[in-house]
Amino acid sequence: MHAPVRVERVSWFGRISREPLVHFLLIGFLLFALYGFVGGGPRERTINVDDNVAATLYAQFSKTWQRPPTADEMTGLVESYVRDEIFYREGVTLGLDKDDPTIKRRVSQKYATIAEEQGASIPPTDVELERWMKQHPDRYAEPSLVTFDQILFGSPAEFDAGRRALAAGADPQSMGEGRMLLPHFELYPVDIIQRDFGPEFARSLLSVRPGDWQGPVRSGYGVHLVRVKKIVSGRVPKPSDVRLAVTRDFEQARRERSLDGAYQQLRRSYQIEYSGKWRARQSQ
Amino acid sequence: MKSALFGTAAVVSAIAFGSYQLAHAQDAGQADKGKLERAYAHYYSPYAQRDYPTRPLFGETHLHTMSSFDAGAFGARLTPRDAFRFGMGEEVVSSTGIPVRLSRPLDFVVVTDHSDNMGMFGDLLAGKANILADSTGKSWYDMIKGGKGADAAIEIIKAFSAGTIPKALVYLPGNPGYTSAWLDSVAAAEEYNQPGRFTAFIGYEWTSNTGGNNLHRNVIYRDGSDKAKQVEPYVTIKPVGSDNPRDLWKWMAAYEAKTGGRVLAIPHNGNLSNGRMFPLVDSLSGQPVDKGYATESARWERLYEATQTKGTSEAHPYLSPNDEFANFEIWDKGNLTLSEAKTKAMLEFEYARSALKNGLLLERQLGVNPYKFGMVGSSDAHTGLSAMEEDNFMGKTVSQEPSAKRISEAFIKDPSGRTIMDWEVGASGYAAVWAKENTRASIWDAMQRRETYATTGSRMAVRLFGGWDFVDADARTRLPAGVGYRKGVPMGGDLSRAPAGKAPSFLVAALKDPIGANLDRYQIVKGWMDANGKLHEKVYDVVWSGNRKRSKDGKVPSVGNTVDLRTATWTNTIGTPELIAVWRDPEFDPKQPAFYYGRVIEIPTPRWTAYDAVRFGVKPLPGTRMTITERAYTSPIWYSPS
């Protein structure tokens, strides 16, 4: 019973396998399959909802709600994913991604990100960080510290009167106008002095000879008598104290350098042709 | 190996700067040397010298970068890192290519990108085609393609308000693009946070905007990335998020429960909520504000952003007709998108002063005051640049970065014809915080206790202390703040149980911005409720510059005006650098609950429009405001009878 059937099949297969039309269709099918396999793209009709996709959807939900989605909710999330994916692929098939300025910009941004990260695979060495720090001393410098007293006067005349009174032995605490400004500052950083009194005052203060009352020193509030007791000059901190900031800035600068370098190099390999009337208008 | 190298480097640098070291050692002497080293070892902390804050810290609690979908669409290209660098005082290049730097650094910055669609803009640029299947999406697409990105941005904001953003563009927690945008925002704050020197907070904006009615809140973390990373920010888009503040408060509670961290929320732009920001009747449920709402609101929302680029919401001239300073940078044409016109009945539920008053009423009804908030200002800039000085104003959006055009173009237009012009956008404001140290914990704690004030961009130092025993001599001491803390409570605090026969007294003080304009006057705004439940307010001129006498109506006459619009300059020949006084409430009734907050007014100075007119040689449109009186609003001090 089995044998005749097999014989009959072989002969049927043998007969059609010799048909040219079948060859044609077969080749067509193979080409189609090959195209789909190699090119993927518009003709790809399979949407894989695998564990990776599911995990992403699952995380999306549970990160917000701090509970896992129910089965119904999960079905909804998957359905919405599939719908997005289908529309996206159909849109690409229609060429809706071509000559789109927003897509151009996005692809350019992606390229820029890759260009930025060139050379970023190796963490900076201590020597590189140290060199960077030396090249940008101001950025990491610990500011000068000043210990000083100050008395604010509303006008030059009051200032003169105040100075005379002080020379005659008046109590500095009893003089002057400003109440909100502290009369005494202990090891106060000069960058904060700048913010509290204005840049002019901070500059002047550093050039005052330590010791006795001096002035006038001008600020955004008026004129001051000041008595500088001590100036501790600013210094460069220990690299270990600012390592985080130095690394951060170094990396930022490296990204900018890489990007700029990549652009300059590519730019040289392109020829830009300017034409049209706009140039004349531009120079007007 | 690395640490050895670094150690060597340290020695080398120590030798290189040996001259400084030597000078310092000789100067300081051996005994002091140890003290100095200790000071440097933990980095200096100038605020730690007293047991109370001695200088206000100025910062930004509301700033967007390109991670915000609307900022990105407007053309913002600055990242959270750029925003922090700029706040620290570094020069950066703006999205339109302008090099820009602050006159002086800020002490702290919170980058608050919109949680909804965080990171979406990048993927919009990636051009997912399914947006084109949607008619709204198609029209944006055409606009962007036609080179009208800024118009598209406004459209996107409107669609977001209307809840009609195409589904494909909705970015939710867990979405890889969303997650990476959030983690990047957190990482940027971690990189730039330098305790003692500059504080970079983690934060985001929850942007409830249904129907174009602004119920936005900024969420600010006390925590670092270890906690903040555990939970992704709350969104408004359903079903993952909600546009109801009650749900945000639940999310905040859940975050704290899960991580042991702390968060607070700061609402803003009540002026664009069309009567919904500080309701007596909850707009979302249609029910009167209940005890649950009041309790949670009071718990999570301890501050209100009373001034920013989109107008100032302290007081409205309609609500406060006797306050000649109430008409300040007012936006009252409609809601955020101008889709709905403003009616006078809405105003009461939009402005800080009327909300503080209604809070007293609700406290009597519910036992809890939901609107017991302090004040901050911030920018809401969508440029990554917190540049809010009149002469250094980088605009609210990238399309408003300095150009000859920004003085005369429209910012928001509605088909009805309602329009807000670019010139109406304000260069405002900053948040001032009385914190002892420049750290996340110290500043956040000060926010939580409401020891803050709002400024419209100026950096004046403002004090307000309330107590029962302040005497005039307290205003003449060398350390008024010392007396203030000893004898009273600072701004944001509470007074209760009036001693028999006593009225509350206030020690008030203000010091001008060291590089800014002189001060005109310090006022106290009092609000109270009488025995019949009727609410009242009154503005008192407490101390002012010069020899001006009160007129018959009790008001102090104008300080004058030195602004020269031809050159955009002014002089400090009027006003005074400092105002300080003790004031007692002359109409105090111990049975009536009340609040008192300070308002400090500067002399008139050129508005940003005046600088633009001079710098670009352009003519402003008729009606453009060209001068401004910058100001500060302190958090209130509340008096409650029981």
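Visitor: Which residues of β8(B) are buried on one side, and which on the other?
Guide: B:V263, B:A265 and B:P267 are buried on one side of β8(B), and B:L264 and B:I266 are buried on the other. Keep in mind that this is a predicted model.

Visitor: How many residues of strand β8 of chain B are buried?
Guide: 5 of the 5 residues in β8 (residues 263-267) of chain B are buried, so the strand is largely enclosed by the rest of the structure. As for the split into two sides, side chains in a regular strand alternate between the two faces of the sheet.

Visitor: Which strand pairs with β8(B), and in what sense?
Guide: Strand β7 (residues 217-221) of chain B does, in the antiparallel sense, over 5 bridges. One of the partnered residues is B:V219, whose bridge partner in β8(B) is B:A265.

Visitor: Let's zoom out. How many helices and strands are in chain B?
Guide: Chain B has 16 helices and 29 strands. It holds 642 residues, and 64% of them count as buried. Take the contacts in chain B between residues at least 6 apart in sequence: 75% of them join residues at least 24 apart.

Visitor: And what about chain A, how many helices and strands there?
Guide: Chain A has 12 helices and 4 strands. Of its 284 residues, 34% count as buried. For contacts in chain A between residues at least 6 apart in sequence, 66% join residues at least 24 apart.

Visitor: Staying in chain A, at what angle do helix α9 and helix α10 pack?
Guide: About 135°, with the axes of α9 (residues 190-197) and α10 (residues 199-206) of chain A 6 Å apart. α9(A) and α10(A) are therefore oblique to each other.

Visitor: Which residues make that contact between α9(A) and α10(A)?
Guide: From α9(A) they are A:V190, A:I193, A:Q194 and A:F197, and from α10(A) they are A:P199, A:F201, A:A202, A:L205 and A:L206. Sorted by class, the contact has 8 nonpolar residues, 1 polar residue and no charged ones.

Visitor: Which residues of α10(A) are buried?
Guide: A:F201, A:A202 and A:L205. Looking down the axis of α10(A), you'd find its buried residues within an arc of 100°, so they line one face of the helix. The general idea is that an α-helix has 3.6 residues a turn, so residues three or four places apart point the same way.

Visitor: What do the buried residues of α10(A) pack against?
Guide: They pack against α9 of chain A, plus the strands β1 (145-153), β3 (214-218) and β4 (223-232) of that chain.

Visitor: What's the phi of A:L187?
Guide: It's positive, about 45°, although A:L187 is not a glycine. The residue belongs to strand β2 (residues 184-189) of chain A.

Visitor: Is A:L187 buried or exposed?
Guide: A:L187 counts as buried, because its relative accessibility is 13% and the cut-off for buried is under 20%.

Visitor: What about B:E329, what's its phi?
Guide: B:E329 has a positive phi of about 45°, and it is not a glycine. You'll find B:E329 in the loop between β10 and α12 (344-347) of chain B. B:E329 is buried, with a relative accessible area of 7%.

Visitor: You mentioned β10. What's the strand order in the open sheet with β10 of chain B?
Guide: The order is β10-β9-β11 in chain B, an open sheet of 3 strands with mixed pairing. Its edge strands are β10 (311-312) and β11 (374-377) of chain B, each pairing on one side only.

Visitor: How many bridges join β9 to β11(B)?
Guide: 4 bridges join β9 (residues 303-308) of chain B to β11(B), and the two run parallel. Within that pairing, B:E305 has B:V376 of β11(B) as its bridge partner.

Conventions: Residues are numbered from 1 along each chain as its sequence is written. Chains are lettered from A and ligands numbered from 1 in the order in which they are written. This is a predicted model: local features need pLDDT of at least 70, side-chain atom pairs count only at pLDDT 80 or more; totals for chains, interfaces and linings use all residues. Side-chain values use heavy atoms; hydrogens and water are left out. Axes are lines fitted to C-alpha atoms, for helices over the stretch in contact, and angles run from 0 to 180 degrees between N-to-C directions. Angles under 35 degrees count as roughly parallel, over 145 as roughly antiparallel, 65 to 115 as roughly perpendicular and the rest as oblique. Contact means heavy atoms within 4.5 Å. Ala, Val, Leu, Ile, Met, Phe, Trp, Tyr, Cys and Pro count as nonpolar, Asp, Glu, Lys and Arg as charged, and the others, Gly among them, as polar. Buried means under 20% relative accessible area, exposed over 50%, partly exposed in between (1.4 Å probe, protein chains only). The arc is that of the directions from the helix axis to the C-beta atoms. Two strands pair if DSSP finds at least two bridges between them.
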